[in-house]
Amino acid sequence: MSVSPILETVGLTRTFPGVRALDRVDFRLYPGEIHTLMGQNGAGKSTLINVLTGVHQPEAGEIRLADQAVHFPTPQMAEAAGIQTLYQEVNLCPNLSVAENIFAGRQPRKRGLGLIDWKTIHRRAEEALAELTLSLDVTQSLDTYPIAMQQMVAIARAVSVDARILILDEPTSSLDEGEVARLFDVLRKLKASGIAILFVTHFLEQTYAISDRITVMRNGEREGEYLAADLPVQTLVAKMVGLQNAGERLTQAEAAHTETAASHAEPYLAAQGVARRGVLNPLDLEVLPGQILGLAGLLGSGRTETARLLFGADKADAGTVHINGRPVKLSSPRDAVRHGMAYCPEDRKKEGIVADLSIRENIVLALQAQLGWWRMIRRSRQRELANEYIEQLGIKARDAEQPIGLLSGGNQQKVLLARWLATKPRLLILDEPTRGIDVAAKFEIMDRVRALCAKGLGILFISSEISEVVRVSDRIAVMRDRRKVAELSGAARSEHEVYDLIAGDRR
Ligand SMILES: Nc1ncnc2c1ncn2[C@@H]1O[C@H](COP(=O)(O)OP(=O)(O)OP(=O)(O)O)[C@@H](O)[C@H]1O
Ligand SMILES: [Mg+2]
């Protein structure tokens with residue numbers, strides 16, 4: 001390429017106690033390209049971004065912006081230099097309005113008076129959203145919108161200023177297909193105007209749909225830089241995990257689960273006509289011990305709503321639920337837990353992790369709550385449990401005492417899963433359990449979940465990735481417009497079939 005990079009790093013190094021998160025990384029980003037960073041959980045992707053944007057300081061190495069060595073003591077200085085960043089977790093203020101979130105920290109003021117010019121703010125916020133073909137009531141507080149929409153607001157904030165470089169760390173993990181397509185349209189438009197875009201994702205399809213160039217990270221090092229068109233997906237995966245034949249192994253793993261586990265057992269949970277007005281139409285569902293029931297559907301189709309009703313997190317206003325053949329009332333999560341259920345929720349930041357607590361404390365949390373707080377689990381037992389799951393799920397951490405907030409995103413997700421597995425549930429609801437988890441770990445986690453199934457655990461599995469639902473589920477309930485439209489089992493479980501059902505009349 002004859003153009004010189006807009007952003008370049010030379011020998012960039014950053015260590016944290018016990019880990020070399022970045023190890024002499026040379027990286028280049030060109031104007032007008034979409035460049036994707038790929039690598040397993042903990043490979044150093046977010047750390048690279050954090051160092052580029054002034055969140056962390058490098059110990060060694062150099063950052064060059066348009067051929068000039070630069071130094072960003074704070075994120076604000078990186079922003080002022082034209083680097084806009086969307087971090088892995090939405091970091092907006094949920095109780096401020098949409099408009100305030102878009103313009104937080106840079107509100108236009110009425111000249112001379114120093115008053116905030118609300119009219120202008122609202123109009124400009126609407127314009128920024130219109131760029132993304134969205135129209136929201138910008139005066140509403142942000143938390144009145146679903147996470148996917150909040151994410152789009154964060155993107156609107158990032159693109160509404162004159163940026164030369166736009167960095168997005170896993171922006172699509174909570175977006176549905178249509179929203180991803182819309183975001184990609186916006187990214188292509190920005191790219192055409194000469195902006196350099198650095199993108200992090202674990203979705204292979206998205207990587208190939210949008211990238212010009214791919215940089216692979218492994219264990220804090222830059223493994224290599226490739227043109228997307230020259231890098232077959234198998235090779236990419238092999239490079240990420242550092243194995244020659246890893247790509248093949250994954251394909252085999254994918255092919256392995258084609259047989260439906262035969263289960264003649266009685267359902268552990270049977271729901272009839274469970275419904276909630278305006279949220280979910282009456283639905284029948286059975287979860288059998290030893291089986292995975294997949295819930296497929298678009299965001300907003302009623303998947304999470306179903307899970308919440310069954311778990312007692314929201315109250316059903318019709319229907320009955322039987323557990324082990326006996327009618328039960330599930331009017332709170334506590335009832336559900338008493339009946340052997342566990343729920344691993346989708347929004348790990350809001351409902352999940354406690355950032356300041358250690359990995360050990362986060363893992364024992366649900367178990368301790370179940371036992372009651374007056375019966376504290378002994379320290380030694382807590383350590384044992386934590387180490388068991390760190391080992392079992394391959395959680396990448398210094399040790400069990402490390403605060404969970406310091407782990408990479410995917411590893412936080414694994415801790416959350418461990419928390420619920422530790423309660424030894426009979427029925428486990430997994431809502432997007434592999435969101436933000438790298439491809440290799442995804443297979444590993446689902447293999448482990450399957451192994452638990454073999455011991456009689458029943459699982460309700462929710463994922464936006466249809467291919468994943470089809471791969472792991474014994475039966476699939478397909479949801480559309482807040483109702484169950486079909487149930488597929490045996491040979492009928494194909495991606496094609498699920499897509500057709502989801503598309504319904506809209507095809
Ligand atoms: N503030 C911190 N303090 C201590 N260790 C950290 C900190 N930030 C990151 N690390 C460690 O540095 C390593 C790289 O983490 P990083 O977040 O960059 O990974 P990642 O590639 O973004 O992973 P993921 O795909 O899971 O988001 C991990 O081992 C992580 O635990
Ligand atoms: Mg990350």
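Arg123 is partly exposed at 43% relative accessibility, where buried means under 20% relative accessible area, exposed over 50%, and partly exposed in between (1.4 Å probe, protein chains only). The model is predicted: local features need pLDDT of at least 70, side-chain atom pairs count only at pLDDT 80 or more, and totals for chains, interfaces and linings use all residues. Residues are numbered from 1 along each chain as its sequence is written, chains are lettered from A and ligands numbered from 1 in the order in which they are written, and side-chain values use heavy atoms, with hydrogens and water left out.

The side chain of Arg123 meets that of Glu127 in a salt bridge, at 3.1 Å from N to O. A salt bridge here is a side-chain nitrogen of Lys or Arg within 4 Å of a carboxyl oxygen of Asp or Glu. Both residues belong to helix 4 (residues 118-131), where they stand four residues apart, about one turn of the helix. Helices (H or I, at least four residues) and strands (E, at least two) are DSSP runs, numbered from the N terminus. Glu127 is also partly exposed, with a relative accessible area of 43%.

## Other salt bridges

In total, the structure holds 23 salt bridges. Side chains of opposite charge can pair when their charged atoms come close. Glu401 forms one such contact with Arg360, the closest N and O atoms being 2.8 Å apart. This pair links distant parts of the chain, 41 residues apart: Glu401 lies in the loop between helix 14 (379-392) and helix 15 (409-421), and Arg360 in helix 13 (residues 359-371). Glu401 is partly exposed, with a relative accessible area of 36%, whereas Arg360 is buried at 3%.

Asp23 and Arg20 likewise meet through their side chains in a salt bridge of 3.1 Å, N to O. Asp23 counts as buried at 10% relative accessibility, while Arg20 is partly exposed at 44%. Elsewhere, a network of salt bridges links Arg28, Glu33, Arg213, Arg222 and Glu225.

Strand 17 (residues 427-431) is mostly covered, five of its five residues being buried. Leu427, Ile429 and Asp431 point one way from the strand, Leu428 and Leu430 point the other way, and all are buried.

Strand 17 pairs with strand 16 (residues 341-344) in the parallel sense over four bridges; two strands pair if DSSP finds at least two bridges between them. Within strand 17, Leu430 is the bridge partner of Cys344. Strand 17 is also joined to strand 18 (residues 458-462) by five bridges, and these two strands run parallel. Leu460 in strand 18 is the bridge partner of Ile429.

Strand 17, helix 16 (residues 439-454) and strand 18 make a right-handed β-α-β unit. Right-handed means that, with the strands pointing away from the viewer, the path from the first strand over the helix to the second runs clockwise.

## Cysteines

The structure holds zero disulfides, a disulfide being a pair of cysteine sulfur atoms within 2.5 Å. The sulfur of Cys344 has its closest cysteine sulfur in Cys453, at 15 Å, and is therefore too far away for a bond.

Both residues are enclosed: Cys344 counts as buried at 1% relative accessibility, and Cys453 is buried with a relative accessible area of 2%.
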